[in-house]
Amino acid sequence: MGTLVLGDVDEALWSAYQSRRLGESRALAERAGLVVDRWDRSRRLGAPPEGLRRDDHLLRGEALRARAERLELLRVLGAGSLGLVARELAERDHVLLLADPDGVVVEVDGGGAFADEARRVLLIEGACWSEAARGTNAIGTAAAEAQPIAVVGRAHFARDYHDLSCVAAPIRDVDGSVRAVLDATSSAGRGDPAVATAVLATARALERLLWLEAYAGAGAGVRRVLSGALDHIAAAALLIEPPGRIERANRAAQALLGPAVGEPCGAALGLSWAALAAEATSPTAGGLPVALAGGGAARLRAEPIVAARGGVLAVLAYLEPAHPRARRDEAATSPRAAGVGAGAIEAASVDPFASIFAEDPAVLAQLRWARQLAGSELPVMLLAETGAGKELIARAIHDASPRAAGPFIAINCGALTPSLLESELFGHGPSAFTGADRRGRDGLLHAASGGTLFLDEVAEMAPAMQAALLRVLEGGVYYRVGEVTPRRADVRLVCATCRDLPARIAAGEFRKDLYYRLRGGVITLPPLRERGDVIALAEHLLARLCARDGARPTPRLSPAAAARLRRHGWPGNVRELRSCLEVALVLGRDVDALGPEHLPPDLEVSIEAPAPASARAPAPGPTGGASLEAIEARAVEAAVEAAGGNLSAAARSLGIARSTLYRRLRRREG
């Protein structure tokens, strides 16, 4: 969907509308075009034509914090993307704003030469830019219409904003509803077509991050499993995602519908997304008759893929011929018979650890130990620096465990505020706090029932949350926030940290009793700079990246490029290596061999790289030698220095959220 532009109009047209004289002039009315419909809506909502007084519709304190917390997950997931586009827009003198679906601004960044003017017109945190408050404007109109909108000059309903040029795009949640609005604004004279492209691309990237996070919560590799399972189903089968786009069709479905992938389900099946989701979630669903785009009829049966926090992520749709004979094998087309669940997971990956590349002896030893632990119910503690692959190991442990058919739920304990973490983990009762769902909501402990709960950055848990988690581990019972009814937890716990937990226990920052509950089996992953297989790993990642990009021929690494990769200290570990190689593939798009000129220019600015693990004695454990905390501190210092003090760039190079970097810097200063 492109951006709808409500272009600047002349003063006479705006004045005639506001004085209700527009109908007297046919010429003016014809020039008004699309904008009058939006003005009419603003007038019905009661928006003032001159603009608001300074304090009108301005949220502060707890009211603003409650709004911001609802978007905390999006802000954490998208910190890198938001920081990057804010810098680019600041160079073009635009301010970047993130607002909630009601138009309340919760984050402001950038601005350049426009920053002072932005504050003057209340483009600030806490300001409400809904259509009811300020009339036609990019934020409010994009939220109201759920589509990208640009509003220029006097196309704004209120006179106070006639000097602005704004472009906004909605950020949709996995269920298709508007989760937030992203906006870029400057003065009308600084309008730039590239800004609309940047805003729309960033909004889509943030939607994708929400999508990936939701799929991760729905179960380990669920999208991969479902996509692969479709090919083994004899009946016509489709994977459809909101707002109704066909994402995958097996061969039988393609024979029935033609090239349906990418098409809306309304065009292919004559059925809206709302009707499809309702059928999939109905306890009495018996199938729907549908008229196929290419002619003919079929009966559609649907089953939902549900996100951990509620809402339909996708629908598996099965098409049966309309004649009665087609029902004789109905059971064979159900998800269970088709292998979705434990069987599909087992078929999709016979050895879940096989996809984890390693030639380094220390890593291979830890993987063998992880395989042994996977078959038990023991809790597992993963010790490794950021970016070393902790979640990859956690997922493999789950997929190789007796709980593989259950969900794999991951949560980053360091990415959420303590109050939000408590609500996300335990859920909350109806209207338990300001902004809470009136119906209540189950938390991730409930979503992980029968499966595995992965707590990343567990050392960042606040003391109160540590105590609450300990109660769950000791008694298997927890309470939703605001409720006194006990609930049972049936999860296997895997946790991870880059911290020296014994040192934090000694400092009184982590509970000793919780530590011994969590550390059933301990897996220690060496950082990339201590591995002896850096070049082999780089070649493996290059091959995977090229296969992902459409079977592109894999370039080799020149000796000079390989030498530079060996010299680098890799503070961001495997995540940083992958990012480096993605840059190299872009810069060396048509070459047979990647040279040093194709690597990121700041690659050699890092902490000094020790000798590979294979060439020296085994690395000490987390309590011996240099602590993980000290190593991380050096990596943070090096990244900040390499980025010239730019914290957003430093966070990206480390592969962590900007908010996480801020916390670690504050901890060092304290």
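Which residue just after α9 takes a positive phi? I looked, and Ala 146 does, with a phi of about 55°.

**Ground rules.** I'm working on a predicted model, so I keep in mind that local features need pLDDT of at least 70, side-chain atom pairs count only at pLDDT 80 or more, and totals for chains, interfaces and linings use all residues. Residues are numbered from 1 along each chain as its sequence is written, and side-chain values use heavy atoms, with hydrogens and water left out.

**Whole chain.** I find 29 helices and 22 strands; helices (H or I, at least four residues) and strands (E, at least two) are DSSP runs, numbered from the N terminus. Of the 670 residues, 52% are buried, meaning under 20% relative accessible area, with exposed over 50% and partly exposed in between (1.4 Å probe, protein chains only). I also checked contacts (heavy atoms within 4.5 Å). Among those with a separation of 6 or more, 65% are between residues 24 or more positions apart.

**α9.** Back to the helix at residues 138-145: 7 of its 8 residues are buried. The buried ones are Ala 138, Ile 139, Gly 140, Thr 141, Ala 142, Ala 143 and Glu 145. At its start, a side-chain oxygen of Asn 137 comes within 3.1 Å of the backbone nitrogen of Ile 139.

**α1 against α3.** Two packed helices are described by the angle between their axes and the distance between the axes. For α1 (residues 11-18) and α3 (residues 35-45) I read an angle of about 35° and axes 12 Å apart. Axes here are lines fitted to C-alpha atoms, for helices over the stretch in contact, and angles run from 0 to 180 degrees between N-to-C directions. From α1, Leu 13, Trp 14, Tyr 17 and Gln 18 meet Val 36, Trp 39, Asp 40 and Arg 43 of α3. I sort these contact residues into 5 nonpolar, 1 polar and 2 charged. (Ala, Val, Leu, Ile, Met, Phe, Trp, Tyr, Cys and Pro count as nonpolar, Asp, Glu, Lys and Arg as charged, and the others, Gly among them, as polar.)

**Six-stranded sheet.** I traced an open sheet in the order β1-β4-β5-β6-β2-β3, with mixed pairing; two strands pair if DSSP finds at least two bridges between them. Its edges are β1 (4-6) and β3 (105-110), each pairing on one side only. Inside the sheet, β5 (residues 164-172) and β6 (residues 178-187) run antiparallel and are joined by 9 bridges. Leu 164 stands opposite Ser 187 there.

**α4.** In this helix (residues 61-70), I find Leu 64, Ala 66, Arg 67 and Ala 68 buried. Their cover includes α5 (72-77) and β3.

**β16.** What about the strand at residues 452-456: how many of its residues are buried? I get 5 of 5. Thr 452, Phe 454 and Asp 456 point one way, Leu 453 and Leu 455 the other. It pairs in the parallel sense with β13 over 5 bridges, and Phe 408 stands opposite Thr 452. With β19 (residues 492-497) the pairing is also parallel, over 4 bridges, and Leu 453 faces Leu 493.

**Arg 403.** I found this one in the loop between α18 (390-399) and β13 (408-412). Arg 403 counts as buried because its relative accessible area is 12%. Leaving aside neighbours within four places in sequence, Arg 403 is in contact with Glu 377, His 398, Gly 450, Gly 451, Asp 490, Val 491 and Arg 492.

Notes
A polar contact is a pair of N or O atoms within 3.5 Å; within protein, one must be able to donate a hydrogen and the other to accept it, and residues adjacent in sequence count only if both atoms are side-chain atoms.
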